[in-house]
Amino acid sequence: MSALAKKYIEFAKFVGDVQFKHALNAHEWDTLLLISSATIDGAKIKVKELLEMGDIASPATIHKSMKILIDKELLGINHCKNDARVKYLFTTKKGMKFLQDIGKRM
C-alpha cells in the first residue's frame with residue numbers, strides 16, 4: 001500500500017472517530033460541512049434553502065440534523081432583520097474549532 005493511501009486511511013479513521021466521539025451521524029456531518037463551507041466563503045444559507053436540498057436527505061431528516069447541531073452548539077441561527085420568517089444558518093466558533101482541530105490532523 002502506498003504511503004499516501006495509508007495516510008488517507010489513517011485520516012479517514014480519525015474523522016470517523018471524531019464523528020463517533022461527538023455522536024454525529026452521516027446526515028449531521030454532511031449538514032455541518034455544507035454550512036461550514038458556506039460560512040467560510042462568507043455566504044449565507046437560509047434554513048428554507050437547506051430544507052429544500054433533497055440531495056442531502058429528506059426535509060425532516062435535515063431539520064432534525066440541523067436541530068441536533070444547534071443543540072450541540074456547532075451551528076447557530078441568525079434572524080433576518082427585514083423579515084422575521086427568514087433565518088440564516090452559520091457555523092459557531094465551537095463548530096469552527098471542531099473543524100480546525102480535524103484540519104490540523106491533516
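Predicted model: local features only at pLDDT ≥ 70, side-chain atom pairs only at ≥ 80, totals over all residues.
**View 1. The whole chain, to get your bearings.** Start with the parts list: the protein chain has 5 helices and 3 strands. Reading from the N terminus, the elements go α-α-β-α-α-β-β-α. The C-alpha trace spans about 55 × 25 × 20 Å along its principal axes. There are 106 residues in the chain, and 33% of them count as buried. As for who touches whom, take the contacts with a separation of 6 or more: 52% of these link residues 24 or more positions apart.

**View 2. Helix α1 packs against helix α5.** Here we zoom in on α1 (residues 3–21) and α5 (residues 93–105), whose axes lie 10 Å apart at an angle of about 160 degrees. Since anything over 145 degrees qualifies, α1 and α5 are roughly antiparallel to each other. Their crossing is right-handed. On the α1 side, look for F11, F14, V15 and V18; α5 brings F98, I102 and R105 to the contact. Sorted by class, that makes 6 nonpolar residues, 1 charged residue and no polar ones.

**View 3. Helix α2 crosses helix α4.** Now for another pair: the axes of α2 and α4 (residues 59–71) come within 9 Å and cross at roughly 75 degrees. An angle from 65 to 115 degrees counts as roughly perpendicular, so that is how α2 sits relative to α4. From α2, the residues making the contact are H27, E28, T31 and L32, and they meet T61, S65, I68 and L69 of α4. The class count for this contact is 3 nonpolar, 4 polar and 1 charged.

**View 4. A closer look at S36.** Stay with α2, which covers residues 26–41, and you'll find S36 along the helix.

Methods:
Residues numbered from 1 in each chain as written. Heavy atoms only, no water. Helix = DSSP H or I, 4+ residues; strand = E, 2+ residues; numbered from the N terminus. Axes fitted to C-alpha atoms, helices over the stretch in contact; angles between N-to-C directions. Parallel < 35°, antiparallel > 145°, perpendicular 65-115°, else oblique. Contact = heavy atoms within 4.5 Å. Nonpolar A, V, L, I, M, F, W, Y, C, P; charged D, E, K, R; others polar. Left-handed = near helix turned anticlockwise from the far one by under 90°. Buried < 20%, exposed > 50% of the residue type's maximum accessible area, 1.4 Å probe, protein only.
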